[in-house]
Amino acid sequence: MYYLTEVENQYLMRKLRPIAREVGVSESLRGWSWSEAPLRPYYDVKLPMYLVCGKYCPTDRDVYIKCVLSEKGEPTLPMIMGAAIHKTVETAYSTVRQGLNTSFEEWYNSLNIDRTREFSEEIKKYAETVWNHVITNARSKICSSLASQPYASKEDIVSTSIPFLIEHRITGELLGMSGVLSLDCYDYLRGIMFDMKVGAKPFSSYKLYPTGYALVFESVYEVPVDIGCVVFVNFSGGRMNIQRELFHINDELRSWWIEERDRKAEIVAEGRDPGPAVQCRRSCMFEEVCARL
Ligand code: SF4
């Protein structure tokens, strides 16, 4: 899932990294500059990352409903599917990392879930495909490393063959974000912040997710994160399709993320209802709450 193909690696090394080195990033837009404008949070509120980066609601009323009214909403099918696939990827990598031979069926049967909803038969089928893909790739990387590094320790082999922090818990509080963020994946050998999107290619703001997590990572660990990657996972005709988009987390994206955060934080700080959208773009988890207001 998070391994780049040979072509993507070439693009990263020959094109993207030279651009990132040449263009650079302004010091004031590094996460570690959180105590100064423009990164310093203006309001004393804590936002979840999906509300800052998502563009579900054209008027940002979802922010008001979630953070001011504290309504939970009703998870939509794409959200349920996304959560199931993320969980599958996390567990599959962890299974290989621990040297376990757990099968998908064993793991699935051990889950305490609502099988009619959280892991319906359709979602289960997709999750199994993802599980097999992740396990096969990760084991193959370990086999290659074992063959080429005969004197490396087991720990070294695993940590360099699967160089990913997956679902890493991190606090976003320095940037006015929630204290319990969970980033999809950070490749600590190549310094790439990944975000996985399941289903149809989403709204145009998808690059904001790796950007936001890179800023949070920089704010906590004070290491630069210059490269982002969105992994699009689709299932059509019974086959899984994976596409990756690599990009430089440049000043423009960082400024855009700050703009989104500040505008949404203002709504929460003022408790202001932005009103309903004239046209809601997609099935929204707050549809029912919104209609009641
Ligand atoms: S139902 Fe429409 S207006 Fe209401 S929060 Fe959702 S997208 Fe926004």
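Analyst: Quick definition before we start: a nonpolar core is a set of buried Ala, Val, Leu, Ile, Met, Phe, Trp, Tyr and Cys residues whose side-chain atoms link up within 4.5 Å. Keep in mind that this is a predicted model.

User: How many residues does the largest nonpolar core have, and which have the most contacts inside it?

Analyst: With that definition in hand, the largest nonpolar core comes to 44 residues. The ones with the most contacts inside it are Met1, Tyr2, Ile85, Val89 and Tyr93.

User: Which element gives the most to this core?

Analyst: The elements that give two or more residues to this core include helix 1, helix 4, helix 5 and helix 7, plus strand 1, strand 3 and strand 4. The top contributor, with nine residues, is helix 6.

User: What does Val89 touch, leaving out residues up to four places away in sequence?

Analyst: Val89 is one of the residues with the most contacts inside the largest core. Beyond four places in sequence, its contacts are Met1, Tyr2, Val130, Val134 and Met196.

User: How many residues are in the second, separate core?

Analyst: Val45, Ala214, Phe217 and Phe232 are among its members. The size of this second core is 34 residues.

User: How far apart are the end C-alpha atoms of helix 6, and what span should its 28 residues have?

Analyst: At 1.5 Å a residue, the 28 residues should span 40 Å. The model agrees with that, as the end C-alpha atoms of helix 6 are apart by 41 Å.

User: What covers the buried residues of helix 6?

Analyst: The buried residues of helix 6 include Tyr126, Val130, Trp131, Val134 and Ile142. The cover over the buried residues includes helix 4, helix 5, helix 7, strand 4 and strand 5.

User: Is Ser145 buried or exposed?

Analyst: Ser145 sits in helix 6, and it touches Ile157 and Ser161, not counting residues up to four places away in sequence. Its relative accessible area is 11%. The cut-off for buried is under 20%, so Ser145 counts as buried.

User: How many residues of strand 4 are buried?

Analyst: Strand 4 has partners to consider: strand 3 pairs with it in the parallel sense over seven bridges, and strand 5 pairs with it in the antiparallel sense over 10 bridges. Strand 4 is mostly covered, and out of its 10 residues the buried ones number eight.

User: Which residue is the bridge partner of Gly228 in strand 5?

Analyst: Strand 4 and strand 5 pair in the antiparallel sense, and Ile227 stands opposite His248. For Gly228, the bridge partner is Phe247.

User: Which residue takes a positive phi in the hairpin of strand 4 and strand 5?

Analyst: There are two residues between the strands of this hairpin. The one with phi near 60 degrees is Gly237.

User: How far apart in space are Arg21 and His248, C-alpha to C-alpha?

Analyst: Arg21 belongs to helix 1, and at 63% relative accessibility it counts as exposed. In sequence, Arg21 and His248 are 227 residues apart. In space, C-alpha to C-alpha, the separation is 9.7 Å.

User: What is the phi of Asp60?

Analyst: Most residues other than glycine have a negative phi. Asp60, in the loop between helix 2 and helix 3, is buried with a relative accessible area of 7%. Its phi is positive, near 70 degrees.

User: What is the phi of Glu167?

Analyst: Glu167 lies in strand 1 and counts as buried at 14% relative accessibility. Its phi is positive too, near 50 degrees.

User: What covers the buried residues of helix 3?

Analyst: Arg61, Asp62, Val63, Tyr64 and Ile65 are buried in helix 3. The cover over the buried residues includes helix 2, helix 9 and helix 10.

User: How many residues of the shell around the ligand are charged?

Analyst: The residues around the ligand are Tyr56, Cys57, Asp62, Pro276, Ala277, Cys280, Cys284, Glu287 and Cys290. Seven of the shell are nonpolar and none is polar. The number of charged residues is two.

Methods. Residues are numbered from 1 along each chain as its sequence is written. This is a predicted model: local features need pLDDT of at least 70, side-chain atom pairs count only at pLDDT 80 or more; totals for chains, interfaces and linings use all residues. Side-chain values use heavy atoms; hydrogens and water are left out. A residue is near a molecule or strand if one of its heavy atoms lies within 4 Å of it. Ala, Val, Leu, Ile, Met, Phe, Trp, Tyr, Cys and Pro count as nonpolar, Asp, Glu, Lys and Arg as charged, and the others, Gly among them, as polar. Buried means under 20% relative accessible area, exposed over 50%, partly exposed in between (1.4 Å probe, protein chains only). Helices (H or I, at least four residues) and strands (E, at least two) are DSSP runs, numbered from the N terminus. Contact means heavy atoms within 4.5 Å. The expected span of a helix is 1.5 Å times one less than its number of residues. Two strands pair if DSSP finds at least two bridges between them.
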